[in-house]
Amino acid sequence: MYKDFQNYLTSELKAIEEAGLYKNERIIVTPQRAAIKVKSGEDVINFCANNYLGLSDSPVLIEAAKKALDERGFGMSSVRFICGTQDLHKELEQKIAEFFGTEDTILYAACFDANGGLFEPLLGEQDAIISDALNHASIIDGVRLCKAQRFRYANADMADLERCLKEAQSCRFRIIATDGVFSMDGNVAPVDEIYKLAEKYNAMVMVDESHSAGVVGKTGRGTTELYNLRGKVEILTGTLGKSFGGAVGGFTTGKREIIAMLRQRSRPYLFSNSIPPMVAAAGCAMFDMMARTNELQDKLHANTDYFVAKMKEAGFDIKPTQSAICAVMLYDAKLSQIMAAKLLEEGIYVTGFYYPVVPKGQARIRVQVSAGHQREHLDKCIAAFTKVGKELEVIK
């Protein structure tokens, strides 16, 4: 059987490559930071990491992880309810709840697990999930695992959301699910309007804050801070793998009873090992740091505003953004690959995104700005984009 399957896979892989859609991995040989070295020898500036606050190589977090490694060991070798819970895990859960103004938190190995294990334990065939069309794959997969009725509304389209809510009125419970920041476009969900519609049609709200936590809002506390809804949204999910140090780990935080039910029935929580103690300790140190100062968020916001303004001045087609994601629209998949390769030659590490990651005909290079970037990094990136953009006739 495998010989036939092998031939099929070979043919499919060849077709992907010929279409210019094959994803190659470039190998980094330094810590994740603004300026990195790749295995081929080039020193480049990284503009495609989710390292929004520049904490992936933070000495404070590294020291906290080292201390926990010495004092608490390497791994837990267990799921939480057997023998996989240390005080560090409970401390981190409490700090996450305090950060977002919620009642309780549950940790997962990743936010993909948090979203994948969210809906099925809470909702059944009598219920409804109303999901934004551009939600992350993890939300989509989580919805698929649940037997609730499914409704989908156009991205951030409140009229279409209201249509879905009207159609779902016969259901027992209704929950609206949305990304806080949509990772490919960089736009922030209108959570204030979503919340108003939820109140009007007696629904709950779930927001994935993975790309918004640490970024959106004056102090980086995400969309509920931005829209003055702190503590009101029933469910927030998020990750430690982006703004919050860039390692591993996800979480769901929200209403106490919801978190309690997830501890009892959420399969990724019940059947996956606890996050390592060193990750929990570094997470605690990170939230302590963010409670003391807003310096990193202020720098990130200033960097993003500067970069977006200069790129628009250069003539690039930039999607409107309220986050640290700057989508440079190219529309053609091969062009996005070619441009990314040429930018690497100029010392700028970026990635082209194309179908199926984004819709067909919507290829782009997604630039992600960080508090770790200095002004000279931003200027070099803008100059490289301008040079390559003119060579490829993307801009005049």
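This is a predicted model: local features need pLDDT of at least 70, side-chain atom pairs count only at pLDDT 80 or more; totals for chains, interfaces and linings use all residues.
## A cis bond in a loop

Stay with E12 and E13 for a moment, and follow the chain through the loop between them: this is where Pro 356 lies. The peptide bond that leads from Tyr 355 to Pro 356 is cis, and its omega is near 10 degrees. For background, most peptide bonds are trans.

Now find strand E7, residues 204–208. Is this strand mostly covered or mostly uncovered? E7 is mostly covered, as four of its five residues are buried. Its pairing with strand E6 (residues 174–179) is parallel and has five bridges. Within this pair, Thr 178 stands opposite Val 207 in E7.

Strand E3, residues 104–108, is also worth a visit. Four of the five residues in E3 are buried, which leaves the strand mostly covered. E3 is joined by five bridges to strand E9 (residues 250–254), and these two run antiparallel. Here you can pick out Ile 106, which stands opposite Thr 252 in E9.

## The whole chain

Step back and take in the complete protein chain. Its secondary structure comes to 15 helices and 13 strands. The radius of gyration is 22 Å, close to the 21 Å that the globule rule gives for 396 residues, so the chain is as compact as a globular protein of that length. Along the principal axes, the C-alpha atoms fill a box of roughly 55 × 55 × 55 Å.

How much of the chain is buried? Of the 396 residues, 53% are buried.

One pair of residues lets you compare sequence with space. Asp 141 is found in helix H6 (residues 137–144), and this residue is partly exposed, with a relative accessible area of 29%. Asp 141 and Ala 203 are 62 residues apart in sequence, while their C-alpha atoms are 21 Å apart in space.

## Cysteines without a bond

A disulfide is a covalent bond between the sulfur atoms of two cysteines. How many disulfides does a search of the whole structure find? The search finds zero.

Cys 171 is buried, with a relative accessible area of 6%. For Cys 381, the closest cysteine sulfur belongs to Cys 326; at 8.6 Å this one is also too far for a bond. Cys 381 is buried as well, and its relative accessible area is 0%. To put these distances in context, the two sulfur atoms of a disulfide must lie within 2.5 Å.

## Two residues with positive phi

Most residues other than glycine have a negative phi. Where can you find residues that go the other way? Ala 156 is not a glycine, yet its phi is positive, at about 55 degrees. Look for Ala 156 in the loop between strand E5 (149–153) and helix H7 (158–167). With a relative accessible area of 27%, Ala 156 is partly exposed.

Asn 228 is another residue other than glycine with a positive phi, here near 55 degrees. Its place is in the loop between helix H9 (223–226) and strand E8 (235–239). Is Asn 228 buried or exposed? Asn 228 is exposed, and its relative accessible area is 63%.

Methods. Residues are numbered from 1 along each chain as its sequence is written. Side-chain values use heavy atoms; hydrogens and water are left out. The radius of gyration is taken over C-alpha atoms; the globule rule is 2.2 Å times the number of residues to the power 0.38. Buried means under 20% relative accessible area, exposed over 50%, partly exposed in between (1.4 Å probe, protein chains only). Two strands pair if DSSP finds at least two bridges between them.
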